[in-house]
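Good morning, and thank you for coming.

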Amino acid sequence: MAITYENVIYDRIIDNLHSLIANEFSISISLDVDEERPNQSFLIIPSSDSLIELLADGQSREYTIDIDYQLTLSGNYTKNSYKQLSEIAERMKRLVHNNTSYSPSGNYKWHDGRIINTTFERSEDDPTISNVIMQFNCTSTEVF
């Protein structure tokens, strides 16, 4: 007899994070690291899944997801480029803060959602490409 389970990291975390970002930004979002990306896009990459606590009838886990915003510039890296990258990062931090506990339509998905780290990078291979990588972290409790 097959066991029953829920794909928590995808169904609760990644899928709902994708929806939040899509509803806030009019920017392409991908889950495929090998997909060619347009001039500006988000890439959602699961990073870690850690057990916090085993419960008698479930478990509580902490999830970390990298949200990579990529901007391809048409020319040189300028003050306005950095401004655009930082605007996206600040807007994402506010979006996540406003959804720290996320239960759309009363259906629990996560709590303690937060951006724990933001890194600005410029591609060494292609100086027209810059990224802001934001680490989203949350806790989700699953009841069996």
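**Serine 41 and its surroundings**

Leaving aside residues up to four places away in sequence, Ser 41 touches Ile 27, Ser 28, Asp 68, Tyr 69 and Gln 70. Please keep in mind that this is a predicted model.

Where does Ser 41 lie? Ser 41 is part of strand S2. Is Ser 41 buried or exposed? Its relative accessibility is 2%, and buried means under 20%, so Ser 41 counts as buried. The side chain of Ser 41 also makes a polar contact, at 2.8 Å, with the side chain of Arg 37.

Let us now turn to pairing. Strands of a sheet pair through backbone hydrogen bonds, and they do so either parallel or antiparallel. Here, strand S1 and strand S2, which covers residues 40-55, run parallel and are joined by 3 bridges. Ser 28, one of the residues that Ser 41 touches, has Ser 41 as its bridge partner in S2.

I now move to the whole sheet. What is the order of its strands? The sheet is open, has 5 strands in the order S1-S2-S3-S5-S4, and shows mixed pairing. Strand S1 (28-30) and strand S4 (111-122) are the edge strands, each of which pairs on one side only. From one strand to the next, the twist averages 25 degrees.

Finally, a helix belongs in this picture. Helix H2, residues 79-97, packs on the sheet and touches S2, strand S3 (58-72), S4 and strand S5 (129-143). The direction of helix H2 makes about 170 degrees with that of S4.

How values were computed. Residues are numbered from 1 along each chain as its sequence is written. This is a predicted model: local features need pLDDT of at least 70, side-chain atom pairs count only at pLDDT 80 or more; totals for chains, interfaces and linings use all residues. Side-chain values use heavy atoms; hydrogens and water are left out. Two strands pair if DSSP finds at least two bridges between them. Helices (H or I, at least four residues) and strands (E, at least two) are DSSP runs, numbered from the N terminus. Axes are lines fitted to C-alpha atoms, for helices over the stretch in contact, and angles run from 0 to 180 degrees between N-to-C directions. Contact means heavy atoms within 4.5 Å. Buried means under 20% relative accessible area, exposed over 50%, partly exposed in between (1.4 Å probe, protein chains only). A polar contact is a pair of N or O atoms within 3.5 Å; within protein, one must be able to donate a hydrogen and the other to accept it, and residues adjacent in sequence count only if both atoms are side-chain atoms.
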